[in-house]
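My notes follow as numbered points.

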Amino acid sequence: MQRVFPTSLGISLDWLHQRCCSLPLFILLFLFLLPKAAQAVDEVRHTISFPQDRQQVILVRSELPANLPVTELIMPNWTPGSYLIRNYAANVNRISVFAENGTALRVQKTSKDRWQVETSQPGTLVVQYEVFTPKLNVSSSWASEAFSLINGASVFLYTEQSRDLPQSLEIESDQDRGEVFTAMPLGPENGVYRVVDYDELVDNPVAVAQAPTYRFIYEDQEYVLLNVGENESWDGQQAARDVEKIVAETQSFWRTNPLERPYWFLNFAVGGKGGLEHDHSTVIMTGRRQMRDRDDYIKWLGVVAHEFFHVWNVRHMRPAELTPYDYQHEQYTSQLWLAEGLTSYYDNLLMSRAGLIKPEEYMELLAVDMHRLETTPGRLLRPVTEASVDTWIRHYQPNSNSINSTISYYTKGAVIGFVLDAYLRKESKGRRSLDEVMRKMYSLYSSKPYANDAIEQLVVEVGGAAAGKFLHDLLTTTADPDVDAALAWYGLRLERGSSATDGKIEDRVLKSGFGVVWDEGKPGLIVKAVLAGSGGSNAGLMPRDEILAMGDERLTSDRLESLMSSFQPGEQTTLLVARRGRIINLDIKLDTAIPDRFEIVLQPEFGKRHIRRLQNLLGQNLR
Ligand SMILES: [Zn+2]
């Protein structure tokens, strides 16, 4: 984007031409206005504060240069990294705009995300408004006495003319609300943050809270873990030690450090889940007792590893379609299987290489991805590249048919990562790997956007033409990745289903099933989704149906397992169903139960060569 603020006469002339009808008046006006225009700000200054008497409200005051007769103020509709139109303008209220001399200017709403201001003369506009913060998540803002989170795209207006200008930010907060924490650098003025442009303002979330920080240095680079909501269930010291291991492993993976200043893990242990990546920080939402349970804690470490990996993969190395960011419109890319999926492959792997999870824990996480992929019928309808393009209307807005109509590019991308990595290792007898492809990608594309076939070309370079075709087919068809062949290279095998020989899951045997996904969040047996082609689908079951009885037996969640195991797949029976206030009967032919768990086990011929291969992959000595 071009910087168009008046450093030359052209802009002022354009503006005056529209305003002035005669040349002498034009010259007079020009002479009158020139010093004023020259003095106008060449930066945008934002101040935010919180009203004492209201929760969930952020007050914003922005000073923007304006040199056109009409200035258009714009509110973003989405924030990078979270591909959903969120219409942030819906939370902007009480907007008023003043000229430098305090004169109130006319403001007119012209579209859902834009306001027009009639500017009487070039100078500085003072824009004031409120932002209501309805939802606490990593992609929005939140203001409360206990803690606040500011995600710039949901708070700050911009103009096309000011987007490339330096931006400063001052936050007025009192002691009760706590301190301000952000990776945004401070400028020369005391307490005022300053960044090079609007993109950087949006890319630096701010936390306001009373919360402990844990700092560590790795190879001369400083890192900070902020733990908002830390309580007796959260051991901040331990968490920081584990985050440091992830940082060390990720930095040594990429072999090049793109960070220019301290990196912040803004961890909100206040409920919720997820993370959002930025150049110098990440926001993570997690549970208050996440550290109490080993599996839950591994999930949190996985989010940390995922978001930090993103510094390289998607922040600095980015698909061409996401460059530059267009905050108003969807930016369609087929490459989220790489940006998100391969990041999901590496988050677990780097946790293992960092020694944070045991090899068997890594295999459990991998089996979860494989299970999720193979029990999602939608994988047969939509290649992962198309699921990526469709993220704006599918991934972030799932409905009861999503399981039949699409596949997560996180899940399938992670499985593709595992299968492709195994292929490259196998074909090169362990000399090449996906690690090498990723590092080559970064060296080529950290400074310029990459095209859709970039990684395929590098896979050809590293693994040969057949490897390129192998990846191309995984990306463009709906054929399942051959996980069995990939696991076999490591001497492993995937056991599918509930009747695995391992005693751990034998007591959960479900021999027959309806082909539905239950709504676990509600009491009773409520159908959340019906799998396409299943017995339930053929019988006419619908999402939100409550199943009351099967045959002449009352069906409840605690009786489901024993009842279903006494029926064989293929048997006919009837269901008594409550649907929208009515009771109906349905005839059903039972299916084989959907496998509820996959497990990765050793093949009988598992031997030394497999141990060596697994050690190379997992970065751990195997007993
Ligand atoms: Zn991600």
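1. How many nonpolar, polar and charged residues are in the lining of the second largest pocket? There are 10 nonpolar, eight polar and 12 charged residues (Ala, Val, Leu, Ile, Met, Phe, Trp, Tyr, Cys and Pro count as nonpolar; Asp, Glu, Lys and Arg as charged; the others, Gly among them, as polar).

2. Ground rules. This is a predicted model, where local features need pLDDT of at least 70 and side-chain atom pairs count only at pLDDT 80 or more, while totals for chains, interfaces and linings use all residues. Residues are numbered from 1 along each chain as its sequence is written, and side-chain values use heavy atoms, with hydrogens and water left out.

3. The second largest pocket. Its volume is about 550 Å³. The lining has 30 residues, and the closest to the pocket centre are Asp199, Asp279, Arg315, Arg318 and Tyr325. Helix α3 (residues 198-202) gives the most to this lining, with three residues. Pockets are found on a 1 Å grid over the protein atoms alone: a pocket is an open set of points with protein on both sides within 12 Å along at least five of seven lines, a cavity is a set where a 1.4 Å probe fits but cannot get out, and lining residues have an atom within 4 Å of a point. Points are joined across faces, edges and corners, and a volume is the space filled by probe spheres set on them.

4. Helices α6 and α10. The axes of α6 (residues 336-353) and α10 (residues 409-427) come within 7 Å and cross at roughly 65°. The two are therefore roughly perpendicular (65 to 115 degrees). Their contact (heavy atoms within 4.5 Å) includes Trp337, Tyr345 and Arg353 of α6 and Tyr410, Phe418 and Arg425 of α10. By class, this contact has 10 nonpolar, four polar and four charged residues. Axes are lines fitted to C-alpha atoms, for helices over the stretch in contact, and angles run from 0 to 180 degrees between N-to-C directions. Helices (H or I, at least four residues) and strands (E, at least two) are DSSP runs, numbered from the N terminus.

5. Helices α10 and α11. Here α10 packs with α11 (residues 434-445) at an angle of about 105°, the axes 8 Å apart. That makes this pair roughly perpendicular. Gly417, Leu420, Asp421, Leu424 and Arg425 in α10 meet Leu434, Asp435 and Val437 in α11. The contact has four nonpolar, one polar and three charged residues.

6. Cavities. The whole structure has three cavities of 30 Å³ or more. The second largest cavity holds about 40 Å³ of space. Ser344, Tyr345, Asn348, Tyr362, Leu366, Asp369 and Ala414 line it. Helices α6 and α7 (359-374) each give two or more residues to that lining. By class, the lining has four nonpolar, two polar and one charged residues.

7. Backbone points to check. Thr323 and Pro324 are joined by a cis peptide bond, with omega about -15°. Pro324 sits in the loop between α5 (294-309) and α6. Glu219 is not a glycine, yet has a positive phi of about 45°. Glu219 lies in the loop between β15 (213-218) and β16 (221-228).

How values were computed:
Parallel < 35°, antiparallel > 145°, perpendicular 65-115°, else oblique.
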